[in-house]
Amino acid sequence: MILMMNILILILIISNMMMLLSIFLSKKSFMDREKCSPFECGFDPKSMARIPFSLHFFLITMIFLIFDVEIALIFPIILTFKLVNFLTWMKISFFFIVILLLGLYHEWNQNMLNWTN
C-alpha cells in the first residue's frame with residue numbers, strides 16, 4: 001500500500017514537472033509585428049479595409065458547410081435502420097440522397113465547383 005502511494009506521488013511529481021517544462025519551452029522568444037496582428041481571411045488588417053471579397057471563396061465555403069452538415073444528417077439514418085420498417089427507411093434515405101444530388105447538380109450546372117474563374 002505504501003509502495004503504491006509512493007508510485008502515485010512520483011507520477012504526480014513527474015507529470016507536473018513535464019507540464020512546467022512545456023510551459024517554459026513554449027513561450028515566444030520575441031514579439032513580431034506580423035505574429036501579433038490578427039489574421040482575417042488572408043487580408044492584411046493594417047492596409048486597405050475595403051478590399052473586394054471574392055464571392056467564389058464564399059460559395060466554396062458554403063458548399064463545404066452544406067455537405068459537412070449532410071454527413072451529420074446521414075449518421076442518424078444509418079442508426080435507425082434496425083428501428084423502422086425497411087421500405088420506410090429506403091424511401092427516406094432515397095429522398096434525402098436525391099435532394100443532395102439535385103443540389104450537387106445545380107452547383108455543377110451553375111459552375112460553382114470550378115476553382116478557376
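Buried means under 20% relative accessible area, exposed means over 50%, and partly exposed lies in between, with a 1.4 Å probe and protein chains only. By that scale Ile-7 is partly exposed, because its relative accessible area is 39%.

Before I go on: this is a predicted model, where local features need pLDDT of at least 70 and side-chain atom pairs count only at pLDDT 80 or more, while totals for chains, interfaces and linings use all residues. Residues are numbered from 1 along each chain as its sequence is written, and side-chain values use heavy atoms, with hydrogens and water left out.

Ile-7 sits in helix α1, residues 2-25; helices here are DSSP runs of H or I, at least four residues, numbered from the N terminus. Ile-7 also belongs to a nonpolar surface patch of about 620 Å², together with Leu-3, Met-4, Met-5, Leu-8 and Ile-11.

Next, the record. The unreviewed UniProt entry lists residues 6-25, 55-80 and 86-105 under "transmembrane region"; such annotations may be inferred rather than shown by experiment. In the model, residues 6-25 are 100% helix, with end C-alpha atoms 28 Å apart. Residues 86-105 are also 100% helix, and their end C-alpha atoms lie 28 Å apart.

Now α4. How far should the 24 residues of this helix span? At 1.5 Å times one less than the number of residues, residues 86-109 should span 34 Å, and the end C-alpha atoms are 34 Å apart, which agrees.

The buried residues of α4 are Trp-89, Ser-93, Phe-96, Leu-100 and Glu-107. Their cover includes α3, residues 55-79. After α4 comes Asn-111, with a positive phi near 60 degrees.

Terms used. Helix = DSSP H or I, 4+ residues; strand = E, 2+ residues; numbered from the N terminus. Contact = heavy atoms within 4.5 Å. Patch = residues over 30% accessible without salt bridge, like charges linked within 9 Å, V, L, I, M, F, W, Y side chains within 5 Å. Areas by Shrake-Rupley, 256 points an atom, 1.4 Å probe, with all protein chains shown as cover. Salt bridge = Lys/Arg side-chain N within 4 Å of Asp/Glu carboxyl O.
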